[in-house]
Amino acid sequence: MSGDKVINVNDINFDSEVLKSSVPVLVDFSATWCQPCRAIAPLVNQLAGEYEGRVKVTAVDIDESPATAQKFQIRGVPTLLMIKDGKVVGQQVGAAAKAKIAALMDGAL
């Protein structure tokens, strides 16, 4: 579901990978059955490469990690959250252009 540079996280490792990260984290909440999620996955992977070292890019499958999805009140997928210092600092609901996702990431830097 995710590309090479995107780190898959779940209910078990979400806190350590995302909330305790020393760099801002983009979290891509998605599902295998979600067509728009599959459409933006390559863009998210490209950005993971472009922002490597500055922003950690992660993916959460809402079906595999329902507790994390519930904690962040994810109602629809794809939902992208930008998390910095353990707090949500940006959000994008629905498929978005690469520039819009990049702007979300830039906002946390």
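Q: Before we start, what do buried and exposed stand for here?
A: Buried means under 20% relative accessible area and exposed means over 50%, with partly exposed in between. By that cut-off aspartate 85, at 60% relative accessibility, counts as exposed. Please keep in mind that this is a predicted model.

Q: Where does aspartate 85 lie?
A: Aspartate 85 lies in the loop between β4 and β5. These two strands form a hairpin with 2 residues between them, and aspartate 85 in the turn has a positive phi of about 55°, although aspartate 85 is not a glycine.

Q: And how are β4 and β5 joined?
A: The two strands run antiparallel, and 6 bridges join β4 to β5, which covers residues 87-93.

Q: What about glutamine 73, what is its phi?
A: Glutamine 73 has a positive phi of about 50°, although it is not a glycine. For background, most residues other than glycine have a negative phi, and most peptide bonds are trans. Glutamine 73 sits in the loop between α3 and β4, and it is exposed, because its relative accessible area of 55% is above the 50% cut-off.

Q: Which peptide bond is cis?
A: The bond from valine 77 to proline 78 is cis, with omega near 0°. Proline 78 belongs to the loop between α3 and β4, and proline 78 is touched by alanine 95.

Q: Where is alanine 95, then, and what else does it touch?
A: Alanine 95 is in the loop between β5 and α4. Leaving out residues up to four places away in sequence, alanine 95 touches Pro36, Ile40 and Pro78. Alanine 95 and valine 77 are 18 residues apart in sequence, with their C-alpha atoms 8.3 Å apart in space.

Q: Changing topic: how many disulfides does a search find?
A: A search of the whole structure finds 1 disulfide. It is formed by cysteine 34 and cysteine 37, whose sulfur atoms are 2.2 Å apart.

Q: Is that disulfide right-handed or left-handed, and are the cysteines buried or exposed?
A: The torsion about the S-S bond of cysteine 34 and cysteine 37 is about 85°, so the disulfide is right-handed. Cysteine 34 counts as buried at 3% relative accessibility, and cysteine 37 counts as buried at 4%.

Q: Which residues touch the most other members of the largest nonpolar core?
A: That core has 18 residues, and Leu26, Val44, Val57, Ile101 and Met105 touch the most other members. The elements giving two or more residues to this core are α2 (35-50), β3 (56-61), β4 (79-84) and α4 (98-106). Apart from it lies another core, of 17 residues, among them Val27, Val60, Leu81 and Ile83.

Q: What is leucine 26 in contact with?
A: Setting aside its neighbours within four places in sequence, leucine 26 has contacts that include Val44, Val55, Val57, Leu80, Met82, Ile101, Leu104 and Met105, and also Lys56 and Thr58. As a general point, nonpolar side chains in soluble globular proteins tend to be buried together.

Q: And threonine 68, buried or exposed?
A: Threonine 68, which is in helix α3 (residues 66-71), counts as buried at 5% relative accessibility. Beyond residues up to four places away in sequence, threonine 68 touches Asn10, Asp11, Phe14 and Phe29.

Q: Stepping back, what pattern does the protein chain follow?
A: There are 4 helices and 5 strands, and read along the sequence the pattern is β-α-β-α-β-α-β-β-α. The radius of gyration is 12 Å, close to the 13 Å that the globule rule gives for 109 residues, so the chain is as compact as a globular protein of that length.

Terms used:
Residues numbered from 1 in each chain as written. Predicted model: local features only at pLDDT ≥ 70, side-chain atom pairs only at ≥ 80, totals over all residues. Heavy atoms only, no water. Core = buried A, V, L, I, M, F, W, Y, C linked by side-chain atoms within 4.5 Å. Buried < 20%, exposed > 50% of the residue type's maximum accessible area, 1.4 Å probe, protein only. Contact = heavy atoms within 4.5 Å. Pairing = 2+ DSSP bridges. Rg over C-alpha atoms; globule rule 2.2 N^0.38 Å. Disulfide = S-S within 2.5 Å.
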